[in-house]
Amino acid sequence: MKKYLLSGVAALGLLAAGAASAADLPSRKGPVEAPIYVPVFTWTGFYVGANAGYAWGQIDSAGLGVLSFKDPDGFTGGGQVGYNYQMGNIVLGLEADFQGADLKANVFDAVNNITASNEINWWGTVRARAGYSFDRFLPYVTGGFAYGNVKNKISTAFGSFSDDNTQYGWTLGAGLEYAFTNNLSAKIEYLYVDLDKESVSVPGGVFNANVETKFSVVRAGLNYRF
């Protein structure tokens, strides 16, 4: 009996030694690499940027008789600042911009010897933006308050009138923005701007009219996002 017990103990010892030796052997599996997490892109944050584009206007001048202003067009460019907040795929924001402009138009009525001109020298907006994010693509609509410097001139044989005013109105538009890095994004945008009506009256009562200035803008922009 003692002989069998000793044999069993010896066998268990050999098994334990073999297991320990196997544990010391190098593993065939390589080192476990930590997972790499790519940060989720978000539109939330402040941004500043610049833009440039083309604008063309429509001048409604009821009351000037046979004479009507031509529609101005020209270059416009400036800068913008804004803030976005993203909730799921919905992106809400607020943006303000200020633009220089070179929109001019002239008209001459040879029969009545009347000259008229219209200029838009600068303008700006304060707008809300609402978009739907497709990761780094952001189509959006925008609208809000608009203002601008409008200069109207009328010259006749009876006298002349010059009006240089800051006019106020509204704007609506839409655009598409794409973030090609986490900090830089580019956009293309359309805006319709209505600066309401301005009363025009030539001395002597020859002409009395309300001149309404409206124009459209197509522009491209670049934003730096903080």
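In the predicted model, both Glu 189 and Arg 127 are buried. The side chains of these two residues meet in a salt bridge, with N and O 3.7 Å apart. Glu 189 belongs to strand β7 and Arg 127 to strand β4 (residues 114-132), so the bridge ties together parts that are 62 residues apart in sequence.

A salt bridge also joins Glu 95 and Lys 187, at 3.2 Å from N to O. Because Glu 95 lies in strand β3 (residues 90-109) and Lys 187 in strand β7 (residues 184-201), this pair ties together parts that are 92 residues apart in sequence. Glu 95 has a relative accessible area of 1% and is buried; Lys 187, with 5%, is buried as well.

Arg 129 forms a salt bridge with Glu 177, and the closest N and O atoms of this pair are 3.2 Å apart. Here strand β4, which holds Arg 129, is tied to strand β6 (residues 159-179), which holds Glu 177; the two parts are 48 residues apart in sequence. Arg 129 counts as buried at 4% relative accessibility, and Glu 177 counts as buried at 2%. Through shared partners, salt bridges join Glu 95, Asp 97, Arg 127, Arg 129, Glu 177, Lys 187, Glu 189 and Arg 219 into one network. The count of salt bridges comes to 10.

Arg 129 also has an aromatic neighbour: its charged end sits over the ring of Tyr 140, 4.3 Å from the ring centre.

The count of aromatic pairs comes to 12. In one of them, the ring centres of Phe 145 and Tyr 147 are 6.0 Å apart and the planes lie at 25 degrees, so the pair is stacked. Phe 145 is partly exposed, at 37% relative accessibility, whereas Tyr 147 is buried, at 18%. Tyr 224 and Phe 226 form an edge-to-face pair, with 5.2 Å from centre to centre and 80 degrees between the planes. Of these two residues, Tyr 224 is partly exposed at 40% relative accessibility, and Phe 226 is exposed at 62%. Phe 145 and Tyr 147 also belong to one aromatic cluster with Phe 98, Trp 122 and Tyr 168.

The chain as a whole contains 1 helix and 8 strands, in the order α-β-β-β-β-β-β-β-β along the sequence. Of its 226 residues, 38% are buried. Among contacts between residues at least 6 apart in sequence, 66% join residues at least 24 apart. The accessible surface of the chain is about 12,800 Å², and 64% of this area belongs to carbon and sulfur atoms.

How values were computed: Residues numbered from 1 in each chain as written. Predicted model: local features only at pLDDT ≥ 70, side-chain atom pairs only at ≥ 80, totals over all residues. Heavy atoms only, no water. Phe/Tyr/Trp six-rings, centres within 6.5 Å; stacked < 30°, edge-to-face > 60°. Buried < 20%, exposed > 50% of the residue type's maximum accessible area, 1.4 Å probe, protein only. Lys NZ or Arg CZ within 6 Å of the ring centre and 35° of its normal. Helix = DSSP H or I, 4+ residues; strand = E, 2+ residues; numbered from the N terminus. Contact = heavy atoms within 4.5 Å. Areas by Shrake-Rupley, 256 points an atom, 1.4 Å probe, with all protein chains shown as cover. Salt bridge = Lys/Arg side-chain N within 4 Å of Asp/Glu carboxyl O.
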